[in-house]
Amino acid sequence: MSQQETLYRVQELDTRILELRGCEGNHPLQAEIEALREGREKGLAESEQTVANLEESRKKQRGLEDEVQGVEEKLGREEEKLYGGKVNNPKELRGLQAEVRSLKHKKDILETRLLEEMENLDEITRKADELQGERDRLQAEIDEKAGVLDGEIAEIRAELAGLEERRRELRSQVDEELLELYDELLESKHGLAVVKVSDGVCLGCRVELPGIEFDRFLKTESAFTCTNCGRILAK
Ligand SMILES: [Zn+2]
């Protein structure tokens, strides 16, 4: 194999290696997983708020239940006085009747509020379950994608190891001076140091080689660079 051909193969390997390294460091699945994690974090904040709302609603409910119980007990005592036969004074009896009416009214109001709070608690519980379900779904999706990503990264690394091994072998067949030029070009020309020539046109810079240069290029097997972009040319 000529130096040109060998170096062209090294370039092919380097192109693939650069592509794979880009994929390894910036895999599209990684971005997807990040987005899912952000969604999960947001959901977590909302869940925490819902849990706080749940606790508050339960507390309110308990408070209302206590109040209803207190009113019921008082009502029981007042009714006992009213109907127990111990009070005979008409004025006092009227007073007791008024008190019983007032307590029943208060109990009605409290029971309505309690019912509303129970409905509110149901609603918050439903919301909390929904958020939990959504978080579980996101977590499952994250786990699944992370598994696929791990597998793909492992494949990329295995392929890279093979390519790097092959590149070492090929580079050992290239003259040191030419390798130095190649490495410099790879750096300065954004990963493309060796290019083919098609119909006298350098495929690196798309500029046509002067006729006399092209003739010389066709006749040589040794290293040859583009007069315009300086890249190493291959047939
Ligand atoms: Zn060129």
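Strand E1, covering residues 194-198, pairs with E2 in the antiparallel sense, and the two share 2 bridges. Pairing here takes at least two DSSP bridges between two strands. Strands are DSSP runs of E with at least two residues, helices are runs of H or I with at least four, and both are numbered from the N terminus.

Zooming out, 3 strands make up an open sheet, ordered E2-E1-E3, with mixed pairing. E2 (201-202) and E3 (232-234) sit at the edges with a single partner strand each, so one side of each has no neighbour in the sheet. As background, strands of a sheet pair through backbone hydrogen bonds, either parallel or antiparallel.

## What you're looking at

This is a predicted model, so to speak of local features pLDDT must be at least 70, and side-chain atom pairs count only at pLDDT 80 or more, while totals for chains, interfaces and linings use all residues. Residues are numbered from 1 along each chain as its sequence is written, and side-chain values use heavy atoms, with hydrogens and water left out.

## The zinc site

Four cysteines hold the zinc ion through their SG atoms at 2.3 Å: Cys202, Cys205, Cys226 and Cys229. Donors are N, O and S atoms within 2.8 Å of the metal (3.2 Å for Na, K and Ca), and sites may look incomplete because water is not among the atoms. The angles among the 4 donor atoms run from 104 to 115 degrees, making the site tetrahedral (for four donors, all angles between 85 and 135 degrees).

Along the sequence, the donor spacing reads C-x2-C-x20-C-x2-C. Cys205 is in the loop between E2 and helix H5 (211-219), and Cys229 is in the loop between H5 and E3, so this pair ties together parts 24 residues apart in sequence. Cys205 is partly exposed at 22% relative accessible area, whereas Cys229 is buried at 12%. Buried means under 20%, exposed over 50%, and partly exposed in between, using a 1.4 Å probe and protein chains only.

## Ala234 in E3

Strand E3 includes Ala234, a buried residue with a relative accessible area of 2%.

## Two helices side by side

Helix H1 (residues 3-25) packs with helix H3 (residues 90-171) at an angle of about 155 degrees, their axes 10 Å apart. Axes are lines fitted to C-alpha atoms, for helices over the stretch in contact, with angles from 0 to 180 degrees between N-to-C directions. H1 and H3 are therefore roughly antiparallel, a label for angles over 145 degrees.

Note on methods: Tetrahedral: all angles 85-135°; square planar, octahedral: opposite > 155°, others 65-115°. Parallel < 35°, antiparallel > 145°, perpendicular 65-115°, else oblique.
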